[in-house]
Amino acid sequence: MPFIEAVEAHDIRFPTSLSMDGSDAMNGDGDYSAAYIVLRTGDPELSGYGFTFTIGRGNDIVTAAALQRATHLVARDVETIVSDPGALYREFQSDSQMRWLGPEKGVVHIALAAVMNAVWDLAARAAGKPLWRLLCEMTPEQLVDAADLRYLSDALTRDEALAILRGREAGRAARVAELEARGGYPCYTTSAGWLGYSDDKLRRLLQEAVDSGYRHVKLKVGADLDDDRRRLTIAREIIGWDAKLMIDANQVWDVPEAIEWVRALA
């Protein structure tokens, strides 16, 4: 396989605050953004792409940190990198000087996510298969080695994790067949749920979600109780009572307030 010959970092931003897309009780004016990493190899047909998400200001800081991390991949053999992404993650995570800044907190943490996303993308492209199938075909040992189980041994040891995965191997083929037959597992949408939307836009987007086949819809809540009651009522009118209605307050509630608020909305 080729070597990593160059890395690129891109600061990409969208002015979503202008239309209130992405607005919630904690983040009212987010401009959805990404620190985007590209790993270029000696093969012009083989590159890895990864990004990490921010909501505007500070995206340049994350992009710079991601580039700093990714630069250490230059001149490395692709086969070695993609054969054990977990080992690479632990190597990056253990850099003593960067560890002072992270990676288990803040900017360095999410910057490393962009780099590792690009590594996993590169691994899937090198294998010539989608990432979900690459993961499905990994052995229990490979999956456990890709995970970071540090500081968890009181709750989950490596041997216990292996036992869980080995116990599920018998049904793997059936689950893969289900994925292929259904085109994936059901998911939810928040497309209609942003707090800044008008009632008319809420209704329209909810109907579009239902028409697209969504059976799980999530709305942002937590800024105003009466407003939440009205919006959730509209949601039930559109999606009916057999669909799942989910809510997300985005960290604005303490526990007693969450209990009181959700009881009021029930």
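Select Ser-47 to begin: this residue lies in strand 3 (residues 47–54), where helices (H or I, at least four residues) and strands (E, at least two) are DSSP runs numbered from the N terminus. The model is predicted, so local features need pLDDT of at least 70 and side-chain atom pairs count only at pLDDT 80 or more, while totals for chains, interfaces and linings use all residues. Residues are numbered from 1 along each chain as its sequence is written, and side-chain values use heavy atoms, with hydrogens and water left out.

Ser-47 is buried, at 6% relative accessible area (buried is under 20%, exposed over 50%, partly exposed in between; 1.4 Å probe, protein chains only). Show contacts (heavy atoms within 4.5 Å): leaving aside neighbours within four places in sequence, Ser-47 touches residues including Val-38, Asp-121 and Arg-125.

Next, select Arg-133. The structure holds 24 salt bridges (a side-chain nitrogen of Lys or Arg within 4 Å of a carboxyl oxygen of Asp or Glu). Arg-133 forms one with Glu-180, the closest N and O atoms being 2.1 Å apart. That pair joins helix 6 (residues 131–136), which holds Arg-133, to helix 9 (residues 172–182), which holds Glu-180, across 47 residues. A salt bridge also links Arg-133 to Glu-137 (3.4 Å, N to O). Arg-133 is partly exposed at 21%, as is Glu-180 at 49%.

Last, select Arg-166 and Glu-141, a salt bridge of 2.4 Å between the closest N and O atoms. Arg-166 sits in helix 8 (residues 158–168) and Glu-141 in helix 7 (residues 140–146), 25 residues apart.
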